[in-house]
Every structure is written in C-alpha cells, then in structure tokens.
Amino acid sequence: MIQRSTPHHGSPGNQEITLEPGVFYVCQRCTACCKWPGDVRIEEDEVSKIAGFLDLTEQEFLDRFTRLRTNRQGLSLVEKDNHECIMLDGNACRIHPAKPAQCAGFPNKWNFPGWRQVCEAIPVPCDP
Ligand code: SF4
Ligand code: SF4
C-alpha cells in the first residue's frame with residue numbers, strides 16, 4: 001500500500017466543489033497543485049495534443065508518461081518519487097500550452113473543501 005505523506009486533494013470529479021460567481025482566481029504559479037499526491041487526469045481527447053506538443057507519438061507518450069488512475073478508470077500522468085507531477089520542471093510546466101483540463105480548471109472550475117489554504121491564487125472580480 002502506498003503511504004501518502006501529504007493529503008490527496010481530489011480531482012474534477014469531486015462532489016464538493018465551491019464556485020463563486022463574479023470572482024476569478026488568478027494563478028500565482030506557486031506549483032502546489034503540481035506537487036500534491038494524486039492523479040493528474042488525462043482524457044482520451046487530450047492524448048494527441050500533449051503527445052504532439054512533446055513531439056512524441058501517442059504510443060511513446062502513453063508508455064513514458066502515463067499510468068492508470070488510482071480507480072483504474074482512465075489515465076493519469078505519472079509522478080516523480082516525491083509525488084510531483086512528471087511534467088513539473090522547476091517552477092514550470094513542461095506542457096503548459098497543452099496541459100490537461102484538470103490543471104487548467106483548478107481552482108476556478110473545480111476545487112475541494114479547504115483549497116484556499118493550499119493554493120495562492122488571488123481573487124479578482126469578473127463578470128458572473
Ligand atoms: S496551487 Fe493555485 S496558485 Fe498554485 S499553481 Fe496551483 S492554481 Fe496556481
Ligand atoms: S501537467 Fe503541468 S500543470 Fe498539470 S500537474 Fe503537471 S506540471 Fe502541473
């Protein structure tokens with residue numbers, strides 16, 4: 001059994017998402033969401049875009065950078081031994097322009113109870 005040293009913060013499948021109409025949270029690139037344990041979900045229609053961005057065939061990308069999700073219902077990016085996402089390079093995402101919807105959607109499209117304690121995104125007003 002895998003021992004997790006830090007909490008697992010879920011995914012877009014969470015049922016306890018809190019969204020705030022009229023507020024947009026601007027990412028400060030603190031990289032916390034690239035470092036906590038858990039799946040980084042890849043949807044089927046994201047494989048070709050990410051593989052192409054990395055100049056790999058889809059099979060090369062799947063073999064080198066993906067694994068089954070914890071629930072075995074789809075694919076996740078693999079992680080480093082320290083739980084960081086395999087795509088995190090220093091403070092930058094190697095696939096930023098092609099990153100998965102899970103990454104692009106946090107925290108404005110999905111989040112979890114207590115997310116503001118672990119994310120440095122700054123709220124700004126926006127059209128609801
Ligand atoms: S935890 Fe929040 S501020 Fe930090 S990189 Fe992720 S979305 Fe951006
Ligand atoms: S794909 Fe990029 S943005 Fe998403 S968790 Fe990995 S390093 Fe972070």
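**Questions on a predicted model**

Student: What makes these strands a sheet, and in what order do they stand?
Tutor: In this predicted model, 3 strands form an open sheet in the order S2-S4-S3, with antiparallel pairing.

Student: Why is one side of S2 and of S3 left without a neighbour in the sheet?
Tutor: Strand S2 (41-42) and strand S3 (66-68) each have a single partner strand and stand at the edges, so one side of each has no neighbour there.

Student: How do you know that S3 and S4 pair?
Tutor: Pairing needs at least two bridges between the strands. S3 is joined to strand S4 (residues 75-77) by 3 bridges, so the two count as paired. They run antiparallel, and Thr66 stands opposite Leu77 in S4.

Student: Which residues surround ligand 1?
Tutor: Among them are Cys27, Gln28, Arg29, Cys30, Phe106, Cys119 and Glu120. The shell around ligand 1 divides into 8 nonpolar, 2 polar and 2 charged residues.

Student: How do you know how confident the predictor is?
Tutor: pLDDT gives that confidence for each residue, from 0 to 100. The chain has a mean pLDDT of 90, and 92% of its residues reach 70 or more. Over residues 1-5 the pLDDT is below 50, and this stretch has 1 contact in the model beyond near neighbours in sequence.

Note on methods:
Residues numbered from 1 in each chain as written. Chains lettered and ligands numbered in written order. Predicted model: local features only at pLDDT ≥ 70, side-chain atom pairs only at ≥ 80, totals over all residues. pLDDT = per-residue confidence, 0-100. Contact = placed C-beta atoms within 7 Å. Helix = DSSP H or I, 4+ residues; strand = E, 2+ residues; numbered from the N terminus. Near = placed C-beta within 6 Å. Nonpolar A, V, L, I, M, F, W, Y, C, P; charged D, E, K, R; others polar.
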